[in-house]
Amino acid sequence: MSPEELYKDEANIAKASDGRWYYTPDKFAAKLAFLIGSLAITALGVILIWDPAVRYLFGEQEMARITRIERNDPDTEPQLIRYRKEIPEGDYFTRFTYTATVDQEDGSSRDFTLAIGSRRNAFVNVNDDVEIIYFTEDSHAYQLYEHRTWSFGIGFLFVGGLLTSCAVPTLLAVGKPILIDEEAAEDLSEDPAHA
Amino acid sequence: MIITRKKKVPVHWLFYAQLPLLLTIYGESVIHAPFLLLMKKFMDNPAAIMGLISMEIYINLFGAPFISWLSDRVWTRWGRRKFFVVIADTGRALCLLAMPFAPNVIVLIILRWAFSLAGSFGSMTQALIYEVVPPPQRGRLSGFFQASVQFGNIIFFFLLLGRFDDYYFMGPFRYVTELSGGAIMFWLCAFVLLGISAFEALGFREIKPPDGGSINDGRKPGQSIFIHFFKSFYQDVFAKDLLPIYLFVFVTIMFAVNLGIFQPLLYTEQWGYSLQDMGNTMAVGAIFSITFALIAGWFADRYGKIQTFVLASAGSLIMNIFYTVWVAFQPDNRPTLIQIIVIGNITQAFMMVKSVVTYPLMMEYVKRSRMGSASAGIYLFQNLFRSLVLLFVGVWLVWWSVWFFPQAGYQTATTFPDEIDADQLRSKIESTGLDPDDYLLRPIHQYGVDKETSMRWWIHRNDEETADILAELKDLKNELSSLEAEVTSPFLTEPERDAINEKIDTAKSRTTEINETLERGKSELHRKLYAVLGDALFEPGAQLRDARFEDDTLFLALTTIEELPQEQVELFEQNLNGPQYQVTASKNDLSSSRWRSEVRVEVVDGETPGLQVNAKFDPNFTRIYRILNTGDNLIPATFELANSINSIFQSGLGRGNQQFTITSVEKGTRDGQATLSFELSISQNALTSDASLLAEALTQEQAIEDASTQQIADNRYRFELQLASEAMTAKNSDWLSRSRADEIRTRLDSLMQGEAFAQGLATETYLRLADVLASQPFYVNIPENTPRSKHTEREYEYFFSSKTLEIASDLVGFAIIFFIIYIEKKGVIRRYGAEEDLKR
């Protein structure tokens, strides 16, 4: 089959003056939307990581002590755990929130709610030490060296960055012809994945 | 922008070309362990879970081969393969977005099947990639791909898996909503799939091939396309010459039998590790995998594929046996994380070698012209066998539980004065007229200790009704969760809202009924056993060797079952920290100031281990508690109230001895409401002298309804607090604490000469101290007469059940390998592919 016959219905494949066939990418608007979507995912990553990151860079860093754990089970009164004890496992609907207390140099103390709590199981117990980052005017704090503080921010940044790295060259290629080689290089019927 | 059918592509195209398959694998990562955890929200039975999940394979069984076949024979304005791939990834993304919202297990499993069905449209993703990358460059593509897959595994296991049970409610979420880590994880993966489908649609361009097939090739006039597909496809796939590879498929499935998606439950429910621990272990495994994949390829080329396969299979069987025996000899049958990493990765290395050589080995038995059919057949049989094995693994876990483990029911933990074995306990039960065969007995030990005898025994009775009502309770919780979210919708009309509220009331009332039934069952077992075993149990109060209260210092001498290691004493003292104790200044690890409780603990060595505790109380606290205590030795609300008041003053005025003094504490009533008044003297070096601020802080406490203050001299204020009624009168609703307090009452009476306030202090301190001592990382128990009862769900065991199955299936695998070697020697089967290569 000749290329003329093969590509007769392909709007953006054309023969150039050098006698060879080229494909010229189009769909600028759709590709721009893809780029904007990718940047939005990256931005979500930035938003997720922003809160702890600015506290790490410009806020306070202290070793705090967990002084209270609040356990919430559906349809029961919240249970306040004020001293260390075995905390039985709950179910999917059981939520734990943690209060960390920082002793100040002047002898006073400040309470912060850990910004990320847990379900089902408590991840720390009363009187455990946690290293936290916070702004003094905040009521919440993040654990510094904990996956839960950073993971989703990094995850969304990674995915957003990867997709942006796909979207940018895709958009930049619009209007620039790509040479189509004359024939296929292989017999795909031998390809195991081609069943 | 990349196009297909190039003879040579730029290197950066290799990276982009692999992304459709790579990001699909990344996106699918939540469909394994995290999906199981999502299913666990609705059901626990492994057989039911696996039964439901394995059904997706039947949905996919015909879809994927048909789509692959079709993609060779069609051409659309969007190409022939990316058209399907985009449908696949978009469909899967939408399923993942919806999964966290599934209100019940039916919707969740339908979404899972839809995910799988959408996935069958993507069965030719690899073909699309191979059409972009020409054969001479596919080696580098494969290298990129393997490294990227393992990198993704590291990211997923190290960063994301452990986030499933996180709960995000502040930071950037505080303006929006509360989110669970599980939901975010699913949405992240949905974004991955949506993103890659957009890239496939816009960044890939298929160039029409000159040799493209047609759906009419070989098709009789008027024949249905499906009939045509089934006839041509299955005539090829069920041909006799492909029998050896199907035997190999069965062998590989036998060697790959494992816990699969239940792996997280082995780590979390059985071994007590966190999901993060599991993720870290898996991430280390991914690094090992990269290394061993390279070595395995070299080894197979050098020593022959069948020899490599047999050796690797023998290696993994030996490791499976070794791992099983090793764990059997570990305390609590619980290996350490290091042991899991080392043993697990050696086993994984053998598995990796096998997986690297399996496909090329199978292809040695296939003529080159039959490879396409062979691949289709492999896909078909692999899925069929795998579904059966998956289903069997679930059933096997249930059988194992039924054979060897307690089912749902009620259990009581009891303590005896001496160590006894199971026979002694059985005869004790028998002597009271009960049938010991109705009960399951198990010794309770400290972590890391395994013995046949123990002072503490766990007595369990199975109860069929409990299993049913616990399952119903789970359904009710899910139903309530959905209804409570639904009822807040602004789009509801009043009648609709009323109808939902009615459903909520019905569900809540049934929940209450079930909880009462469970309580009754628990109490019944407790009463029955306590009535007959009560005299044989540990003597009430005997755990208290001595108790005194002098100069605001409480001295308690206690018997313990296990000995507290000397190196844990300081940590234990720190963990007793609380606002009721006198404090001294110290520094923490970051040299920040820290106040430590003046609690000193000494370990008593000897045949009967024990502890001596000297706890110096803050005089401000004791002055309040002395007045609040009404003579009962246990009213935790008053103890907590005294703690809270002291804590608020410590926080606002500063810690240490000299910051403030509370005196003249009085209890009274005003307008029928309990009041507490006291004088507060604030010292010069206190952090503030603003009493109104302190009064405001006091009103934040639930037990204090109002607080007023009046200045009576310089830096001296009279506070009056109006107390919530519960603060003064409520006894602990927790039956267990009440019973534990009652058990030491008589002993405390004799030791402390009836001083009610000191006895209250001693009781509260005893309960806290015993709880802290029993918690992680100490696990030291104080013997108590009070049995602890609870209802339990069916217990599952994941390690030995799966390992025995793995060993058995390995042996079946070996039998089939030797059968293949035997029939090959007899000339029944031949290596057509290898023979063709030799002739070239």
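Helix α7 of chain B buries B:Arg138, B:Leu141, B:Phe145, B:Ser148, B:Val149, B:Gln150, B:Gly152, B:Phe156, B:Phe157, B:Leu159 and B:Leu160. The model is predicted. Helix α7 covers residues 138-160 of chain B, 23 residues in total. From the first C-alpha to the last, this helix reaches 31 Å. That span is close to the 33 Å expected at 1.5 Å a residue.

The relative accessible area of B:Gly51 is 16%. B:Gly51 therefore counts as buried, since the cut-off is under 20%. B:Gly51 and B:Asp421 are 370 residues apart along the chain. Their C-alpha atoms are separated by 40 Å.

Two surface patches were identified in chain B, one nonpolar and one negative. The nonpolar patch is formed by B:Phe392, B:Trp399, B:Val402, B:Trp403 and B:Phe404. Together these residues have about 540 Å² of accessible area. B:Phe404 belongs to helix α15, residues 371-404 of chain B. With a relative accessible area of 53%, B:Phe404 is exposed, because the exposed class begins over 50%.

The negative patch brings together B:Glu430, B:Asp435, B:Asp437 and B:Asp438. Within this group, B:Asp437 sits in the loop between α16 (422-431) and β6 (440-443) of chain B. Its relative accessibility is 66%, so B:Asp437 counts as exposed.

Most residues other than glycine have a negative phi, and most peptide bonds are trans. The peptide bond joining B:Gln776 and B:Pro777 is cis, with omega about 10°. B:Tyr779 is not a glycine, yet its phi is positive, near 50°. B:Tyr779 is partly exposed, at 24% relative accessible area.

Chain A also holds a residue with positive phi. A:Lys27, again a residue other than glycine, has phi near 60°. A:Lys27 is placed in the loop between β2 (21-23) and α2 (28-58) of chain A. Its relative accessible area is 48%. A:Lys27 is therefore classed as partly exposed, because the exposed class requires over 50%.

Methods. Residues numbered from 1 in each chain as written. Chains lettered and ligands numbered in written order. Predicted model: local features only at pLDDT ≥ 70, side-chain atom pairs only at ≥ 80, totals over all residues. Heavy atoms only, no water. Patch = residues over 30% accessible without salt bridge, like charges linked within 9 Å, V, L, I, M, F, W, Y side chains within 5 Å. Areas by Shrake-Rupley, 256 points an atom, 1.4 Å probe, with all protein chains shown as cover. Salt bridge = Lys/Arg side-chain N within 4 Å of Asp/Glu carboxyl O. Lys, Arg positive; Asp, Glu negative; His and termini not counted. Charge placed at Lys NZ, Arg CZ, Asp CG, Glu CD. Helix = DSSP H or I, 4+ residues; strand = E, 2+ residues; numbered from the N terminus. Buried < 20%, exposed > 50% of the residue type's maximum accessible area, 1.4 Å probe, protein only. Expected span 1.5 Å × (residues − 1).
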